Amino acid sequence: MIDYLIVGLGLAGVSFSETLQQNQKTFKVVSDESQNSSLVAGGLYNPVILKRFTLAWKAKEQLDLALPFYNGLEKKLSVQLNYKLPVLRRFVSVEEQNLWFEASDKTDLGEFLSTDIHQNTNPNIDAPFGYGEVLGTGKIDTKKLIQAYKEHLVGQNCLLPETFDFKALRCETNFLEYKSIKAKNIVFAEGFGIKNNPYFKYLPVHGNKGEYVFIKAQNLKEKDAIKASIFCIPEGDDMYRIGANYDRNGLSNKPTGKAKTELLAALDRFIKCDYEVMDHIAGIRPTVVDRRPLIGQHPKHKNLYLLNGFGSRGVLIAPYAAQQLYHLIENGMAVDQQLDISRFIKKYYED
Ligand SMILES: Cc1cc2nc3c(=O)[nH]c(=O)nc-3n(C[C@H](O)[C@H](O)[C@H](O)COP(=O)(O)OP(=O)(O)OC[C@H]3O[C@@H](n4cnc5c(N)ncnc54)[C@H](O)[C@@H]3O)c2cc1C
């Protein structure tokens, strides 16, 4: 009997698998390619909500945990994953500059907001009101992480590359069986794939589609990530990732012409040089109605657990959420009430 079966190998599945390995637990992962949120993610980690200049929920705690976590994975997998990347918020008015200064005076935000206005020096960008710089930002190459972790699990004979067959799952009081596997617990980490999970689909994961276009702009020569109405993120070799948009409709992994037109229109409002569109990708963020992750134990089947609902901030949340779930299962430590799936039990499960 192994300790865990995990379903899904995105940021949630990788973070939980790694937490298990750090604690010498045995496990196997079942994952298919039906969802790709972690593969298409920009991978930015940024503790500040740039629309309102507020600190993201528990951002400091998450950052303190996430950076050593990814740095540990870099060493273990022998790949570079963490790239320091300044994030510049483009101001559209003097009022916005003042709001930024006010925010940078607040104790919790101060350490993440530079108090200088950065003047734009790039002739191919229009930013007459300059930028505010967010401190402590960077980018995790999530695609490289998932691919490298997958190879690592294959090497350990821990990965079953298939769609989880719910009909093959038998839940007993103290263990469960899936095909020839016997495990003490199962953790579902399927991202938006939760919609097909008969045990947890009652939870209010709405999903939010995001698309990026990739452009090649030889004259842009920008090294920082610029946040205007959309992000322009340098990817190296004169390539830039533009996006992402947010769309609650048409929830599929297929890119759309409509999003491409909107993203390029937003780009044209602040980029002044020529570019060529090279690629276009899409994915679905597993967003929850109250914008908090979903962690916890199934209300009836006590060895079924969930790790989901990372929304648009999976990079920072995943290691933190995985740790909360691990301590719940192994040490009986309660999950933060704001994350516990029990918050939805009355409204969605018992009705
Ligand atoms: C366009 C876009 C940009 C983003 N940018 C950022 C960013 O810059 N920074 C940031 O922090 N976050 C970003 N995010 C959000 C981030 O990607 C998500 O929060 C995170 O990837 C969710 O991870 P997950 O493991 O829960 O889900 P997923 O990545 O979707 O992984 C779930 C895995 O489970 C598998 N699966 C599902 N159902 C089954 C099944 N029945 N059987 C077997 N396998 C199954 C799927 O195929 C997939 O491999 C972005 C998201 C999008 C879409």
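**Helix packing and an open sheet in a predicted model**

Colleague: How are helix 3 and helix 8 oriented to each other?
Modeller: This is a predicted model. Helix 3 (residues 59–77) and helix 8 (residues 314–331) pack at about 90°, with axes 8 Å apart. Angles of 65 to 115 degrees count as roughly perpendicular. The two helices are therefore roughly perpendicular.

Colleague: How many residues of the contact of helix 3 with helix 8 are charged?
Modeller: Helix 3 contributes residues including Glu61, Leu65 and Phe69, and helix 8 contributes, among them, Val315, Tyr320 and Gln323. The contact residues divide into ten nonpolar and two polar, and the charged count is one.

Colleague: Which strands stand at the edges of the open sheet of eight strands?
Modeller: The order is 8-9-7-16-17-18-15-19, with mixed pairing. Each edge strand has a single partner, so one side is left without a neighbour in the sheet. Neighbouring strands are turned by 25° on average, direction ignored. The edges are strand 8 (113–118) and strand 19 (276–285).

Colleague: Which residue is the bridge partner of lysine 227?
Modeller: Strand 16 (residues 225–227) pairs with strand 17 (residues 231–236) over two bridges, in the antiparallel sense. The partner of lysine 227 lies in strand 17. It is phenylalanine 231.

Colleague: What angle does helix 7 make with strand 15?
Modeller: Helix 7 (residues 257–268) packs on the sheet. It touches strand 15 (208–216), strand 17, strand 18 (239–243) and strand 19. Its direction makes an angle with that of strand 15 of about 60°.

Colleague: Which helix lies across strand 8 and strand 9?
Modeller: Strand 9 spans 131–134. The helix across strand 8 and strand 9 runs at about 150° to strand 8. It is helix 4 (residues 94–104).

Terms used. Residues numbered from 1 in each chain as written. Predicted model: local features only at pLDDT ≥ 70, side-chain atom pairs only at ≥ 80, totals over all residues. Pairing = 2+ DSSP bridges. Helix = DSSP H or I, 4+ residues; strand = E, 2+ residues; numbered from the N terminus. Axes fitted to C-alpha atoms, helices over the stretch in contact; angles between N-to-C directions. Contact = placed C-beta atoms within 7 Å. Parallel < 35°, antiparallel > 145°, perpendicular 65-115°, else oblique. Nonpolar A, V, L, I, M, F, W, Y, C, P; charged D, E, K, R; others polar.
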